[in-house]
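Please give me a short report on this structure.

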Amino acid sequence: MGSVFRSEEMCLVQLFLQSGSAYDCISELGEMGLVEFRDLNPSVNSFQRRFVSEIKRCEEMERILGYLLREIRKANIAVPEDDEICPVAPPPKHVLEIMEQLQRLEVELSEVARNKEKLQRNLLELTEYTHMLRITRTFVHSRSRNKALGPQYEEFQSIESDSAGCTGMQRLGAKLGFVSGLIHRVKVEAFERMLWRVCKGYTILSYAELGESLADLDTGEISTNVVFLISFWGDQIGQKVQKICDCYHCHLYPHPENDEERADVMDSLRTRIQDLNNVLHRTEEYLRQVLQKASESAFTWVVQVKKMKAIYHILNLCSFDVTNKCLIAEVWCPVNDLTNLRGALEEGSRKGDATVPSFVNRIPSNDTPPTLLRTNKFTSGFQSIVEAYGVGDYREVSPAPYTIITFPFLFAVMFGDLGHGMVMACFALWMVLTEKSHKRKRSDNEIWTMFFEGRYIILMMGLFSVYTGLIYNDCFSKSLNIFGSGWSVRAMFTDQQWTNETLQTNTLLILDPNVSGVFVGPYPFGIDPIWNMAVNRLSFLNSYKMKMSVIIGVMHMSFGVVLSVFNHLHFKQRFNIYLLFLPELLFLLCLFGYLVFMIIYKWLAFGARDSRLAPSILIHFINMFLMQGGDNTPLYPGQTGLQVFLVVVALLCVPVLLIGKPVYLYWLHRGGKSLRLRRGYERVRRVSEDDMSQAPAYADDEEEGFDDLMTSRDTQPKEVKTATVHTSHINI
Amino acid sequence: MRLLFLLLKLFPKPDMAALSFVIPMSVMTLFWGIIGGVVPWFIPKGPNRGVIVTMLVLTAVCCYLFWLIAILAQLNPLFGPSLKNDTIWYMYYHWP
């Protein structure tokens, strides 16, 4: 498919939509996802557009739906399974129905929720009252029960049991009062202390902890409560006690005078609680029923309302023509999809029962069309990585198909572990195989969504890591010995090189490849497993890995530079090939390509025999730039001459890169073939010459400033140069 | 294969190493050559053919290059591994 290589060809199209069927046509276009609309009313405020009231209606519906969905989630009702069906946006006549239903549901739900809350509050009060009665009974009869329930006070036990009796207190004329209720566990000590200080010991407080914890309706937390009973005498003390209880947010309940009253109250409370529980139960069932019924259609409504809102937004972008009967829209459409576009409009006109069908009209345009690159579920991840660096221009070569392999490969070069790579690949494979069910669930967890969206990327990275792990011979940081190592220790013991005595006297010994039989041959696949056990493992590995990075980096950069040729050829700017591509490539290859050559040459030409004479490539490279030499042994005969030549060529490329193209374009605009300044005659010729350069920056202006040309060109060669120098510095 | 032998004659190397270099070299070149050069012709025509062919060729080039660098770096080692004496003692008895 050609459209993977570069972005698709687009054309500007005018759509003439009849007002009646405009909604349906755009709905059809939206379902197919073909076109990009241009805003034909850019100067109009968003509050003054045509379809603002419809959009307001949609947002109101979205609000109600949001409330509905929250309630459904709170009640833990399951999402309907068949999420594959994507509903189409409803026609305007159905919208009012949906709106009415939603409003009715909202009113009903809020009423039921309010009632339920009231009932629950009532139930809580009654339950607390029951507990309080039960526990204060034990206070009053504490003597007979023999239980230690908090601080022991002397009880006035005769007051309760003796209905006709008068105690010493009553003879004094003081009236004994009781205040009872519940208070939070954490406040009890402060409450007690406050009572003692304020009432100066004229009150008696008994309290006991409530066994079960009750949920506080206002805050929703579960807290332990303590039942208390305050006995006091005197009215003023009573008022003070009341105020203190208010201050500590206690729930107060009337204390019964005697046992029979207590028993009566408890009975009535029990029946009331039972009734309340029944009613609550029924209410909850009813609420659940309503939500269940709503959940069947709520999710489709959400999608439908969203689509409707989108359609009205698009309709706002169109403009009405003079007769006010026809909507005009300007869209960018891929050339390959023009027939689909026509089909969609016909379908929309048919659905909207239009008398006059809508039609399309292709118009020429000088604007740069948008870049369209079609992706499937596999390539979309890589495309988004590429777009993170920037979206390409119209019809430029797209780097995405190469990124599918190079990105995971470069990751694997850095990761390089067989065991961990397999774990990664298995995880990604599991995500890929179960992707349908994960897509339906649509989790809220951001980290999981990130991993899931990149499942194909992770799979590729894992697979390549397995390969590079095999080459680095690294499996959970241990080496595998599949083919047999190329280094032989036994050979060092023959020829009397080593003996048992050498082993005993030296802790570290180095194998010498010059001794025959020690080095049998290179390990056929990857790094030799003996290096895993060597102490100087990093000396070898570092040198290997840095050289490898240089080679891979230079090849990758050259590949990128070569890709630009396709752009130059496509946009018919052949001069770019000579003024941009060639100098870039020459600069890159003369310096860093030569470095790669030196690396490979040193690997092939220098062995163990002449290891003492093997020169350092780094020193050679630096000397090449400084044009010094002579201290180091040359790698090969004629090296200095070749290096001087390469440096000169590279240095000559730099001015060509910097000012070659601006000078050439300036020269073009000034006179074409010659440098004469005969203005009159040349204006005619210049017009025809302008057709040659299609790049929009240069097309219109005749008096092209030299500085404009310079600034438009300058960034690229600097980037290439800094990139190459940076890479080589890191690697060396 | 013959070209390889000629190329090898240019550089000084022990003979045993030459053989153990030639066999993996030819096997890997053949393997990645088939994946990168032959399999693309057999991919059926469809909307994804371009992507799949690009992927195959790039994979072949990258993986072959990576393996080649690994084996070239070890072809003529300038120094050997430095081992502890108990490792050497173990390897003397247990490694071939």
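## Salt bridges

Over all chains of this predicted model, a search of the whole structure finds 21 salt bridges. A salt bridge is a side-chain nitrogen of Lys or Arg within 4 Å of a carboxyl oxygen of Asp or Glu. Side chains of opposite charge can pair when their charged atoms come close.

E209(A) and R185(A) form one of these bridges, at 2.9 Å from N to O. This pair links distant parts of the chain, 24 residues apart. E209(A) sits in strand β4 (residues 203-209) of chain A, and R185(A) in the loop between β3 (176-184) and α8 (188-199) of chain A. Helices (H or I, at least four residues) and strands (E, at least two) are DSSP runs, numbered from the N terminus. E209(A) is partly exposed at 47% relative accessibility. R185(A) is partly exposed too, with a relative accessible area of 31%. Here buried means under 20% relative accessible area, exposed means over 50%, and partly exposed lies in between (1.4 Å probe, protein chains only).

## Two more pairs

D259(A) and R262(A) form a salt bridge whose closest N and O atoms are 3.7 Å apart. Both residues lie in helix α10 (residues 259-317) of chain A. They are three residues apart, about one turn of the helix. D259(A) is partly exposed, at 35%, whereas R262(A) is buried, at 2%.

D337(A) pairs with R374(A), and their closest N and O atoms are 2.8 Å apart. D337(A) lies in the loop between β10 and α11 (338-351) of chain A, and R374(A) in the loop between β11 and α12 (379-389) of chain A, so the pair ties together parts that are 37 residues apart in sequence. D337(A) is buried, with 8% relative accessibility. R374(A) is partly exposed, at 37%. E8(A) joins D337(A) and R374(A) in a network of salt bridges.

## Chain A and its strand β1

Chain A has 27 helices and twelve strands. Of its 732 residues, 43% count as buried. Among contacts in chain A with a separation of 6 or more, 78% come from residues 24 or more positions apart. Contact means heavy atoms within 4.5 Å.

Strand β1 (residues 10-18) of chain A is largely enclosed by the rest of the structure, because eight of its nine residues are buried. β1(A) pairs with strand β10 (residues 326-334) of chain A in the antiparallel sense, over nine bridges. Two strands pair if DSSP finds at least two bridges between them. Q14(A) has E330(A) in β10(A) as its bridge partner. β1(A) also runs antiparallel to strand β11 (residues 359-363) of chain A, joined by five bridges. There, L15(A) is the bridge partner of V360(A) in β11(A).

## Where the chains meet

Chain B gives 49 residues to the contact, and chain A gives 68 residues. Together the two chains bury about 5300 Å², with 74% of it on carbon and sulfur atoms. Buried area is the accessible area (1.4 Å probe) that two parts lose on being put together, summed over both.

On the side of chain B that touches chain A, α3(B) provides the largest share, 16 residues.

## A strand pair and a buried loop residue

Strand β12 (residues 508-510) of chain A pairs with β1(B) in the antiparallel sense, over three bridges. L508(A) stands opposite K84(B) in β1(B).

L75(B) lies in the loop between α3 and β1 of chain B. L75(B) is buried, at 2% relative accessible area. The C-alpha atoms of L75(B) and A18(B) are separated by 9.2 Å, and these residues are 57 apart along the chain.

## How to read the values

Residues are numbered from 1 along each chain as its sequence is written, and chains are lettered from A and ligands numbered from 1 in the order in which they are written. In this predicted model local features need pLDDT of at least 70, side-chain atom pairs count only at pLDDT 80 or more, and totals for chains, interfaces and linings use all residues, while side-chain values use heavy atoms, with hydrogens and water left out.
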